[in-house]
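Visitor: Can you walk me through this one? I'd like to start with what surrounds one of the helices.
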Amino acid sequence: MSTAPARRRVVLTGFGVISSIGTGVEEYTAGLRAGRSGARPITRFDTEGFGQNTACEVPDFEPGRWIRNVPLDDMGRAGQYAVAAARMAVEDAGLTEADLGERPAVVTVGTTDGESHDIALLLEQELAAGDPEAMDPVLSRRVNAGRLSTVIARELRMPNVEATTVTTACAAGNYSIGYGLDAIRTGEVDLALCGGADAVCRKAFALFKRFGALTPDVVRPFDKDRQGILTGEGAGILVLESLESALARGARIHAEVLGYGLSCDAAHPTAPNRDGIARGIRLALDDAGVQREDVDFISAHGTGTKANDKTESAAIVDVYGDSPPRTVAVKSMLGHSMGAASALGAIACGIALEEGFIPPTINHRETDPDCPLDVVPNRAVEADVRIVQNNSSAFAGNNAVLILGTYGE
Amino acid sequence: MSTATARPEATLPPGTPVITGWSAVSPYGVGREHFAAGVRAGAKTAVKADAALGSLPSSDVCVVPGFDIQELLGKRGTAKMDRLTALALVASDGLLLDGDGNRVVETDDLTGVVLGITMGSLENVTDFLRQSYTNERPFYVDAGRIPFGSLNHAAGATAIRHGLKGPNTTVAGGRVSGLLALNYARRLMHQGRATKYLVGSAEEFSAAHAWFEHTAAAPGDPAPLLGEGCGLFLLEPADTAERPALAAVLSVETRVDIDDDPRAAVTACARRALDRAGVDAADLWAAVPCAAPTAAGHAEHEALAALAPADALSRVPSMELLGDTSAASASFQIGAVLAVAETDPGSAGRTALVTAVDRDGAVAAAVLRLMGEQR
């Protein structure tokens, strides 16, 4: 195996958040602390015939507040979320367009469905006209997932970047952050804008409904009466920076990226896999050089489905033994924001490290005996948080686990 | 080999990623040999579309001939498989197995997979949505096809088929995605996350894909001639490679065209890739653009023509022969370089530049050193 040179430390200096429980770090923090729910009636598409119409949509999104250089029509809803969150993240990091410019960087956005909402609109146009020629070119030009990353580069006027969209579904946010970490560790770049974006769409709603994985009620991760997910949306973009770069410009440091792990189950296309998740966690802890007993809490993948929560709990117990760290599911608040989920989870972890609290698992009544975890039910707790683990898993057997810590040691 | 110089491996920095195997499923046919022979002959691949493909914006297509999923992969688990996944799986068999189906490449728990795509199987997602819109209830959709609609399914299915438990990633970037995948694998191997990688990219042809591309084309442009396929490579660090290196990946550079000036973006990106590789453009043995049938594709060609010697630019027949293979294209370009090099002993130790431009603004360039191995 190739030997990596002495590793560079990588820190988080900017957060950008578009979420169903709050836009911007301040509102998102307030939402996490209060245990806010993002669930509301779906407005994005016609839900007639589904028998239910709840998702965690982002209310009152104003793209023009954040997107100034690229015409809004050049991107779909997911792209607008990604760009808005990226703009917010660089502003939070105190980076101006002049600071960015020709600077080499990685821009990597994770997604599950990309602009699948636009694909549905195109199909509606075809079906209405009975002719695919009726599809609107404005939409068909913008449906490819690669655009989620390149459009950020165009908006922020950053030509000298690697724009890689990671489409490893519901683990894509952590994958992206990990890629940014590796790019900075190699010394090839000092800066990376990483995260995830997805938009509520008919595809995801129909898919999870068909699988019987859509809750008719609320999302209750790790509860004995949990019934599934709500689909959600939003974007989380994080500014990753080499420690030298952050210190040199006197940036505020939210947290340090200590490491991550990727594992592939190589077993089943949709079922979660206990061994695969446990291996991902162990790889992440090893990469971070962190001992199990030093992890203060886990932000779980925690979707609220029967299968995920039971399997993930077992994997956590496999790694941590009978007294694992407190384990919370922010999806109880945000729903499953797909490719954005683990990016929003990572930002929640960063906020927890900075603000000293653990966000709650809301809607919780009775913990499932198959999930023997302290899920911080319903109310955030104040805590001295120093090291946090952020889990994610995806269909196709992909697991990505991220470890963040307070910066300072 | 006619050269008397030391083996080119000797000059590579440790850890340099090297390509030690490759396979292709392409409009030239299933397998590396068909691809190599077709490329070297400069053969056209366009055919009249099969009526089974349904209504299409253009009657000519460049599809993989005789690509029968169940015949190639067996009946188990393939009845509802999307074409994209099947292309990737057949290519992975070609990379890891011999003609009798025996494994010839060792793998371990740190063997990774990274696959470049555009938007997955558009046929799968549009069929799914069509069912949702037209069936009695909007969720009366074919559950058996759902797993294949995940954008990461082809990479995950490759891992399942061959038991590959290392980092498994899908990157989207259209024509540049093959080079994004290569860079991804390079970085993760450098960090010790993988001991070796299956890296490549894939695109499927379908009526849905054709109509999307047709409506997205610039006004007045004809419907693009579309191709499909999958190119896959085995990538290992030079110092631990278990098989002879066919080519070394000296650099991969990327850029985004933010000013709608693809020629300038390709030029800047290719120059940086050459600089990073320590290669003088005048010394290039081959320069291979993606040859996209767009203004950006023409600009890319002009950029390379201004940069590279004429014989380098004509070394490998144009990728136009395969149609616009979108996500598959960059991997096919690398495969084409290897195909031409393997019958040209004069290529040993020489270098090749591969570039790509995508509609979404991404630009990428890679520089390879050919190692003179005749596989």
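Guide: The buried residues of helix 6 of chain A are covered by elements including helix 2 (77-92), strand 5 (105-110), strand 6 and strand 7 of chain A, together with strand 9 (247-256) and strand 12 (362-370) of chain B. Helices (H or I, at least four residues) and strands (E, at least two) are DSSP runs, numbered from the N terminus. This is a predicted model: local features need pLDDT of at least 70, side-chain atom pairs count only at pLDDT 80 or more, and totals for chains, interfaces and linings use all residues. Residues are numbered from 1 along each chain as its sequence is written, and chains are lettered from A and ligands numbered from 1 in the order in which they are written.

Visitor: How many residues of helix 6 of chain A are buried?
Guide: Nine of its nine residues are buried, so helix 6 of chain A is mostly covered. A residue is buried if 20 or more other C-beta atoms lie within 10 Å of its own, exposed if 12 or fewer, and partly exposed in between, with C-beta atoms placed from the backbone.

Visitor: Which ones are they, in helix 6 of chain A?
Guide: The buried set includes charged-type names such as R147(A), R154(A) and E155(A). L148(A), V151(A), I152(A) and A153(A) are also among them, as are S149(A) and T150(A).

Visitor: What happens just after helix 6 of chain A?
Guide: R157(A) takes a positive phi there, about 55°.

Visitor: Now strand 5 of chain A. Buried or exposed?
Guide: Six of its six residues are buried, so strand 5 of chain A is largely enclosed by the rest of the structure. Both faces are covered. A105(A), V107(A) and V109(A) lie on one side, and V106(A), T108(A) and G110(A) on the other.

Visitor: What does strand 5 of chain A pair with?
Guide: Strand 5 of chain A pairs with strand 6 of chain A in the parallel sense, over six bridges. Five bridges join strand 5 of chain A to strand 7 of chain A, also parallel. Two strands pair if DSSP finds at least two bridges between them.

Visitor: Which residues stand opposite T108(A) and V107(A)?
Guide: T108(A) stands opposite T164(A) in strand 6 of chain A. V107(A) stands opposite L193(A) in strand 7 of chain A.

Visitor: Where does strand 6 of chain A meet chain B?
Guide: Two bridges join it to strand 6 (residues 168-172) of chain B, and the two strands run antiparallel. T165(A) has A172(B) as its bridge partner.

Visitor: How many residues are in contact between the chains?
Guide: 61 residues of chain A are in contact with 68 residues of chain B. Contact is taken as C-beta atoms, placed from the backbone, within 7 Å. The elements that give two or more residues on the chain A side include helix 4 (116-129), helix 6 (147-155), strand 6 (161-166) and helix 8 (202-210). That side divides into 32 nonpolar, 18 polar and 11 charged residues. Ala, Val, Leu, Ile, Met, Phe, Trp, Tyr, Cys and Pro count as nonpolar, Asp, Glu, Lys and Arg as charged, and the others, Gly among them, as polar.

Visitor: And chain B itself, how many helices and strands?
Guide: Chain B has 11 helices and 12 strands. Its radius of gyration, over C-alpha atoms, is 20 Å, close to the 21 Å that the globule rule gives for 375 residues, so chain B is as compact as a globular protein of that length. The rule is 2.2 Å times the number of residues to the power 0.38. Of the 375 residues of chain B, 64% count as buried.

Visitor: Back to chain A. What are its domains?
Guide: The domain assignment gives domain 1 (12-248) and domain 2 (258-405). Such bounds come from an automatic or database domain assignment. The contact takes 60 residues from domain 1 of chain A and 59 residues from domain 2 of chain A.

Visitor: Which element gives the most on the domain 1 side of chain A?
Guide: Helix 7 of chain A does, with eight residues.

Visitor: How does helix 7 of chain A pack with helix 13 of chain A?
Guide: Their angle is about 65°, with the axes 5 Å apart. Axes are lines fitted to C-alpha atoms, for helices over the stretch in contact, and angles run from 0 to 180 degrees between N-to-C directions. G173(A), N174(A), S176(A) and I177(A) meet A341(A), S342(A), A343(A) and A346(A).

Notes
Two residues are in contact if their C-beta atoms, placed from the backbone, lie within 7 Å.
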